[in-house]
Amino acid sequence: MTNVIATDQWPSGALHAAWGDYDNDGLPDLFVTGADGTARLYHNNGNGSFTNVTSVPMVSLGLTSGATANGAAWGDYDNDGYLDLVVTCIGAPTLLFHNNGDGTFTQIRDGVPANDGGPGIFTASCAWVDYDNDGFLDLFLTRNTQGAHPISNLLYHNDGNTNAWLEVKLVGSVSNRSAIGAKVRVRATIGGKSLWQVREINSGGGWDVVPLVAHFGLGNATNIEVIHIEWPSGVVQEMHDRTPRQMLTVTEPPQLNISGLFSADLLQVSLVGAVGSTYELQTSSDLRNWTSWTTLLSSNRTMTFTDSTATNTSRFYRAVAR
């Protein structure tokens, strides 16, 4: 299969790439800036191919001669449930594009950051981050100069609106502690429409950095129907019916494995979890009624135990964090 990302030509080279699911179809799309002042948006078709989208304003930047797009970052700054895009520039003002929720974008030309930057100013990296934990993404830009202008970095505080939001911080126990590579999916009804949104936990790309927090705009949603987490370890975790407007910290559940059956009444069980955490191991014969087997403090990521009371009858095990 021919992939347009691989076959597209960049006469002066590509500068920066930013991944984000701008149309909430569950697939990451790609925005790329070029050193020749152009940019491209690639829509993920879901079958390993991409479509070069040409009908959006962020690929027709209209920059003056000598100016070029530079860094880029996706973030839902108005919490309406759709990712917006900021693009920094060399020799031109910063560009902000609002996602209209129907596959189109509107360039915001008034206020800040749209009127900051210009000739002689090198605006480099950008990051959406909720630095004051009020549920709205603020914007940080780093800047340099191509001349003698004294230039400082810029921090924009988001004054917010009435839209709901959710922020999810993951703590890995079986996976890496920062949960890098995890996917968080959220379903809520926004404007009468049931929407799935997805965020991948990573530290950013190129010279742009993103916080290790999954931020979701929820519009007028009053309930979060599903929070679905896919951990790098392969563990899948779900929570239902959660309240918006909260910062939620989720620790990866432990893994239990049957590592050996030595005899009809001696079973070996291994637990993979977070060092320093306390777990209660429970057993059941019907998956409905659970009985405490033992409680332990995990001194290593992997701990192994034997159950001398195991029999040939069906027996189930689970670990519960305490």
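I call a residue buried under 20% relative accessible area, exposed over 50%, and partly exposed in between (1.4 Å probe, protein chains only). Tyr131 has 44% relative accessibility, so I noted Tyr131 as partly exposed. The model is predicted: local features need pLDDT of at least 70, side-chain atom pairs count only at pLDDT 80 or more, and totals for chains, interfaces and linings use all residues. Residues are numbered from 1 along each chain as its sequence is written, and side-chain values use heavy atoms, with hydrogens and water left out.

**Loops**

I placed Tyr131 in the loop between strand S9 (121-129) and strand S10 (138-145). Strands (E, at least two residues) and helices (H or I, at least four) are DSSP runs, numbered from the N terminus.

Is Asn79 buried or exposed? Asn79 is buried, because its relative accessibility is 0%. I found Asn79 in the loop between strand S5 (68-75) and strand S6 (84-90). The side chain of Asn79 makes a polar contact of 3.2 Å with that of His215. For that term I took a pair of N or O atoms within 3.5 Å; within protein, one must be able to donate a hydrogen and the other to accept it, and residues adjacent in sequence count only if both atoms are side-chain atoms.

**Cores**

I looked up nonpolar cores next: sets of buried Ala, Val, Leu, Ile, Met, Phe, Trp, Tyr and Cys residues joined through side-chain atoms within 4.5 Å. Which members of the largest core touch the most others? They are Leu166, Leu170, Val184, Leu218 and Ile227, out of 25 residues. Strands supplying at least two residues each to this core include S12 (164-171) and S13 (183-190). Apart from it I noted another core, of 22 residues, among them Val59 and Cys89.

**Salt bridges**

My criterion was a side-chain nitrogen of Lys or Arg within 4 Å of a carboxyl oxygen of Asp or Glu. How many salt bridges does a search of the whole structure find? It finds five. One joins Arg40 and Asp8 at 3.5 Å, N to O. Arg40 sits in strand S3 (residues 39-44) and Asp8 in the loop between helix H1 (4-7) and strand S1 (14-20), 32 residues apart. I logged both Arg40 and Asp8 as buried.

Lys183 and Glu200 meet at 4.0 Å, N to O. Lys183 is in strand S13 and Glu200 in strand S14 (residues 193-200). Glu200 is partly exposed because its relative accessibility is 45%.
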